[in-house]
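This report describes where selected residues sit in the fold and what surrounds them. The sequence and structure come first.

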Amino acid sequence: MTPIITAFERSPDRGQGLARDMRVRWALEEVGQPCEVRLVSFEAMKQPAHLALHPFGQIPTYEEGDLALFESGAIVLHIAERHAGLLPDDANARARAIAWMFAALNTVEPPILELAIAKFVEGDKPWSEQRLPLVKDRIRNRLQQLSARLGDADWLDGAFSAGDLMMVHTLLRLKPSGMLGEFPTLAAYVARGEARPAYQRAFDAQLAVFSAAQGKL
Ligand code: GTB
């Protein structure tokens, strides 16, 4: 059964692949599973039909037969558990790969999201200039720790896994800030992720949506 995912009709990132449908698209490409994509506007996301799929009125969602899922982490884990290619067979290595997925979402992503909020939501507040360096230092702390753990390995724990997919996509959100460049080990790690053919196919697919929407303007 071909799964259906949702994505922005017009992504605010202008097709840079930073929205979270990209993680799901990438995971599906890695395992060779085609999908249908239903595009939703910001308005439609807040309507009952979409809220029935996603209680917080966001993308991405994932439908497959009777199953409806939300949360990019849960969706990628579901894909990784049902198809070969994103989780190791060995039970302990599998558990560690899943731990890296959680680390991306619960430990590395929160300070990165704080930066987006500090810049785009709180940027006009009088205290914003004082807060920004603190937020950036919290990110640097995490990046330093992650960089030390990765060392000169290609991936976080053996072969590429769903943990790397989630971590690379989380780090990509930092690209516009230039902060990744301060950590060459992580910049190279992200570049390795981006160089994967599955990433490229997923990136091109989401960019095509943005380009088509631009054409309709
Ligand atoms: N925890 C959820 C998950 O991982 O699935 C978070 C989902 C989420 O934040 N979805 C966002 C959304 O639907 C899109 S991805 N927002 C609409 C709303 O809340 O009304 C977040 C995102 C948005 C924009 C950029 N960008 O422009 O760079 C990057 C990431």
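A202 is in contact with M22, R25, W26 and E29, leaving aside its neighbours within four places in sequence. The model is predicted. A202 lies in helix α9. With a relative accessibility of 1%, A202 counts as buried, because buried means under 20% relative accessible area.

Between A202 and L132 there are 70 residues in sequence, and their C-alpha atoms are 32 Å apart in space.

## The nonpolar cores

The largest nonpolar core has 52 residues, and M167, L171 and Y189 touch the most other members. Two or more residues come from each of α1 (21–31), α4 (72–82), α5, α6 (128–150), α7 (162–172), α8 (184–195) and α9 (197–215). The largest contribution to this core is that of α5, with ten residues. Domain 1 (4–85 + 198–215) and domain 2 (91–196) each supply at least three residues to this core.

Another core, of five residues, lies apart from it; F8, A19, V40 and M45 are among them.

Y189 is in contact with L150, D154, W155, L156, D164, M167, V168 and L171, again leaving aside neighbours within four places in sequence.

## A nonpolar patch on the surface

In soluble globular proteins, nonpolar side chains tend to be buried together. On the surface of this model, however, I117, F120 and V121 form a nonpolar patch, and together they have about 330 Å² of accessible area.

F120 belongs to helix α5 (residues 91–120). Its relative accessibility is 70%, so F120 counts as exposed.

Methods
Residues numbered from 1 in each chain as written. Predicted model: local features only at pLDDT ≥ 70, side-chain atom pairs only at ≥ 80, totals over all residues. Heavy atoms only, no water. Patch = residues over 30% accessible without salt bridge, like charges linked within 9 Å, V, L, I, M, F, W, Y side chains within 5 Å. Areas by Shrake-Rupley, 256 points an atom, 1.4 Å probe, with all protein chains shown as cover. Salt bridge = Lys/Arg side-chain N within 4 Å of Asp/Glu carboxyl O. Helix = DSSP H or I, 4+ residues; strand = E, 2+ residues; numbered from the N terminus. Buried < 20%, exposed > 50% of the residue type's maximum accessible area, 1.4 Å probe, protein only. Core = buried A, V, L, I, M, F, W, Y, C linked by side-chain atoms within 4.5 Å. Domains from an automatic or database assignment. Contact = heavy atoms within 4.5 Å.
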